[in-house]
Amino acid sequence: MSGATLQRRPLVKQILVGADDNLLVIAGLGSSNWDVTEAGDRTLNMPLWGGMGAPVGMGLGLALAQPAKRVLVITGDGDMLMSLGSLATVAAQQPDNLAIMVLDNEKFGETGNQATHTSPRNNGPTDSGAGTDLALIAKGCGIADAATVREASDVPQLLRHLRTKPGPVFRVVKVMVEKLEFVMPPQDGAHLKDRFRQALLGHP
Ligand SMILES: Cc1ncc(C[n+]2csc(CCOP(=O)(O)OP(=O)(O)O)c2C)c(N)n1
């Protein structure tokens, strides 16, 4: 157990409150998708229903294509662990309009709370036992502004950094394991893509 005290739903809601047309949100699969949708379904949200490992790459492409917009990726630790290489690509590009938040519950929550590699472990004397440190990986990739947030007192600064600080910004937020209601966006991927493009570009 991480001893996390932060709750993902109110946090995501706080981050997305007042989101305007300047903010493009990519939601990772599973719980992040439901969190982002609970905060309010928006045409400028692109929820990735089953696309595990895709959100950071998609966020990067969007950030490079839309330099005048802020792009925020909200995803889980299981998803992030699946696409660590995308952090090196983000570092290579240094998009100043991209922020990534990993909601780290140390579990594959959506599929039954199996422990992910960010979970503390006990694999013998050569293992620190600390679990994988995603912020350290991001730093090692070359994303200088990478950190882990655990305390409620750090949340106001977290909100500012995710919404406005020149990026790339990478934040891991240690969150509680919770059983929460599904709050689903539309389920048709083509429709989600079309409505996103319509809202952003004026055509599907
Ligand atoms: C390639 C692939 N493998 C497995 C899955 C099944 N799957 C769906 S959600 C999920 C867990 C996601 O875990 P995490 O990103 O930590 O999100 P959480 O629900 O814990 O917030 C898995 C393994 C999938 N959708 N795609």
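1. The model is a predicted one. Besides H4 (77-82), strand S5 (107-108) also gives two or more residues to this shell.

2. The ligand has 16 residues around it, of which Ser31, Gly78, Asp79, Lys107 and Gly109 come nearest. By class, the shell is made up of seven polar, five charged and four nonpolar residues.

3. From Gly109, a polar backbone atom is 2.6 Å from an oxygen atom of the ligand. Ser31 places a polar side-chain atom 2.7 Å from a ligand oxygen, and for a polar side-chain atom of Asn105 the distance to a ligand oxygen is 3.0 Å. The protein buries 75% of the 590 Å² that the ligand exposes when taken alone.

4. The sheet is open and has six strands, ordered S2-S1-S3-S4-S8-S7, with parallel pairing. Strands S2 (45-47) and S7 (145-149) are the edges; each has a single partner strand, so one side of each lacks a neighbour in the sheet. From one strand to the next, the twist averages 15 degrees.

5. Within the sheet, S1 (residues 23-27) and S3 (residues 70-76) run parallel and are joined by five bridges. Ile26 has Val73 in S3 as its bridge partner.

6. Which helix lies across S1 and S2? Helix H8 (residues 189-201) does, and H8 runs at about 160 degrees to S2.

Notes:
Residues numbered from 1 in each chain as written. Predicted model: local features only at pLDDT ≥ 70, side-chain atom pairs only at ≥ 80, totals over all residues. Heavy atoms only, no water. Near = heavy atom within 4 Å. Polar contact = N/O pair within 3.5 Å; in protein donor to acceptor, adjacent residues only side chain to side chain. Areas by Shrake-Rupley, 256 points an atom, 1.4 Å probe, with all protein chains shown as cover. Helix = DSSP H or I, 4+ residues; strand = E, 2+ residues; numbered from the N terminus. Nonpolar A, V, L, I, M, F, W, Y, C, P; charged D, E, K, R; others polar. Pairing = 2+ DSSP bridges. Axes fitted to C-alpha atoms, helices over the stretch in contact; angles between N-to-C directions. Contact = heavy atoms within 4.5 Å.
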